[in-house]
Amino acid sequence: MIVTIVVSIFSAQGVVAQDELALNGNFEYLDYEYELQEYTEINIVELPLSIQEAAARDFEKLRIVKAYMSKDNTYKIVLKDKENNTKVVFASANGEWITPNDNKS
């Protein structure tokens, strides 16, 4: 019985490791790991209206699927189209598109 328990524990760890490998290959925005560490996920409805309007205007064929906010009030927005292609953009609080960390001196 002890052997069965030990084998099942090692098997479960192998499955978790495989799942982590699969996730890293499937998400385009994981290339932004550094930005993910600086940004905290927020609800999409918490995005300022100016950013929501800018996204609707400039990326009308995409929808917002995730939103993140940094300590300096910049936002990271993950957008997807109907085919699940992912685009990541960054915005200031007033809805202007920026490159990450371009407002820091």
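Asp58 and Arg57 form a salt bridge in this predicted model, with the closest N and O atoms 3.1 Å apart; a salt bridge is defined here as a side-chain nitrogen of Lys or Arg within 4 Å of a carboxyl oxygen of Asp or Glu. Arg57 is exposed, with a relative accessible area of 55%, whereas Asp58 is partly exposed at 36%. Residues are called buried under 20% relative accessible area, exposed over 50% and partly exposed in between (1.4 Å probe, protein chains only). The model is predicted, and local features need pLDDT of at least 70, side-chain atom pairs count only at pLDDT 80 or more, and totals for chains, interfaces and linings use all residues. Residues are numbered from 1 along each chain as its sequence is written, and side-chain values use heavy atoms, with hydrogens and water left out.

The structure holds two salt bridges. Besides the pair at Asp58 and Arg57, the side chains of Lys66 and Glu41 meet at 3.9 Å, N to O. Side chains of opposite charge can pair when their charged atoms come close.

The chain comprises three helices and five strands, in the order α-α-β-α-β-β-β-β from the N terminus on. These elements are DSSP runs numbered from the N terminus, helices (H or I) having at least four residues and strands (E) at least two. The five strands make up an open sheet with antiparallel pairing and the order E1-E2-E3-E4-E5; strands pair if DSSP finds at least two bridges between them. Strand E1 (40–42) and strand E5 (97–98) stand at the edges with a single partner strand each, so one side of each lacks a neighbour in the sheet. Strand E3 (residues 75–80) and strand E4 (residues 86–91) run antiparallel and are joined by six bridges. Lys76 has Phe90 in E4 as its bridge partner. Lys76 also lies over the face of Tyr68, at 5.2 Å from the ring centre; for this, NZ of Lys or CZ of Arg must be within 6 Å of the ring centre and within 35 degrees of the ring normal.

Two aromatic pairs were found in a search of the whole structure. Rings of Phe, Tyr and Trp (its six-membered ring) pair if their centres lie within 6.5 Å, and planes under 30 degrees apart count as stacked, over 60 as edge-to-face and the rest as tilted. The rings of Tyr39 and Phe90 form a tilted pair, with centres 5.8 Å apart and planes at 55 degrees. Tyr39 is in the loop between helix H2 (33–38) and E1, and Phe90 is in strand E4, 51 residues apart. Both Tyr39 and Phe90 are buried. Phe59 and Trp97 form an edge-to-face pair, 5.2 Å centre to centre with 70 degrees between the planes. This pair links the loop between helix H3 (49–58) and E2, where Phe59 lies, to strand E5, which holds Trp97, 38 residues apart. Phe59 is buried at 16% relative accessibility, while Trp97 is partly exposed at 29%.

Of the 105 residues of the chain, 28% count as buried.
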